[in-house]
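Thanks for coming. Please have a look at the model on the screen before I talk you through it.

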Amino acid sequence: MTDNIASQDTVELHSFMQERKTLFCYSGPLTEDLLTTISNPVRHQLSDKETEEIVAKRVFGVFIEQAQNIIRYSHHKTKATGDSIGTIAISIAEDGFLIEAVNVVDPSKKDILEATLVDLSVKDQKELRDLYKKRLREGPPEDSRGAGLGFIEMARRVKKFEFDFVESDDGALFVYRGWVK
Amino acid sequence: MIFEAGQRTPQVELTPTSCLIRGECYPENISEWSDPILKALEECLGNDEGGFVVDIELYYFNSSSAKFLFDFFEFLEESAEGGKSITVNWRYRAEDDTMQEAGEDFEEDVSACSYNMVMVEQA
């Protein structure tokens, strides 16, 4: 037995993750290669929980969009390779799942991101579906490295989502939380 | 011609008269994966073998792949408008509302191809 501070810290991490029912969490440089590697264990975790396949697919879909958002848009990069840094997690919450993502946002893109998400948050399913189709036909908006569809896709799959911007030493953090049932 | 399924890409089988896409689609780099397929499809559609049947059975695709599918259908439409007889079967599992809706949405942009929504029993 030991009561040194370092192991106490590790135990706190363990307890914290257990108490918030986090099934999966990754924090650090995220690449498409790494996403390929972690996709299977994430799936495995979801299918372990006697979750309906349709719900598990929805959770996985939101997870993939969040991960690819970090990869494409995180403003915090590793010095050596320029890989995007962020945090992504899946937890059990409110009879369903909570999928969370955090990354440093490009300060010049913060306002447009906020406006986009405020706009999406007030749309119903039909409006989201129509907007998705429109964006698909018209192509991505400027400044989008994906098809500009990711946030619409997530909004369609979640029961609700929240977002926030929080100041940190690395710059403003973009926080996205989506609940799936 | 067969493009084997990867962990993040569906199986694609192309013959002079058919195209089958089955599986999941969220590739690391969508155009890197789809460019050779679209090129091979173009060659298949260019022959004079008559009709062409496309079967698509996807269980999941990400938002980047939606753009590929849109371009894929646009390409089929152009061929059909040029006189090629093309049938598309969008196959989705019963209860999979997401893939059903996706199929219905693509159908809206298709008129020259014959387009069928086909519900399949879950394996």
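Some ground rules. This is a predicted model: local features need pLDDT of at least 70, side-chain atom pairs count only at pLDDT 80 or more, and totals for chains, interfaces and linings use all residues. Residues are numbered from 1 along each chain as its sequence is written, with chains lettered from A and ligands numbered from 1 in the order in which they are written. Helices (H or I, at least four residues) and strands (E, at least two) are DSSP runs, numbered from the N terminus.

Start with chain A. Five strands make an open antiparallel sheet, in the order β1-β2-β3-β5-β4. Strands count as paired if DSSP finds at least two bridges between them. β1 (22-30) and β4 (160-168) of chain A are at the edges with a single partner strand each, so one side of each has no neighbour in the sheet. On average, neighbouring strands are turned by 15° against each other, direction ignored.

Look at β1(A). Eight bridges join it to β2 (residues 84-93) of chain A, and the two run antiparallel. There, P29(A) sits opposite I85(A). Helix α2 (residues 32-48) of chain A lies across β1 and β2 of chain A, at about 175° to β1(A). Axes are lines fitted to C-alpha atoms, for helices over the stretch in contact, with angles from 0 to 180 degrees between N-to-C directions. Contact means C-beta atoms, placed from the backbone, within 7 Å.

Now chain B. Which residues of α1(B) are buried? They are I30(B), S34(B), L41(B) and L45(B). Buried means 20 or more other C-beta atoms within 10 Å of a residue's own, exposed means 12 or fewer, and partly exposed is in between, with C-beta atoms placed from the backbone. Seen down the axis of α1(B), the buried residues fall within an arc of 35°, so they line one face of the helix. That arc is taken over the directions from the helix axis to the C-beta atoms. Turned away from the buried side are exposed residues, including E32(B), K39(B) and E43(B). The cover over the buried residues includes β2 (11-15), β3 (18-25), β4 (52-61) and α2 (63-81) of chain B.

Last, the contact between the chains. It takes 15 residues from chain B and 16 residues from chain A. On the chain B side, α2(B) gives the largest share, five residues.

Note on methods:
Two residues are in contact if their C-beta atoms, placed from the backbone, lie within 7 Å.
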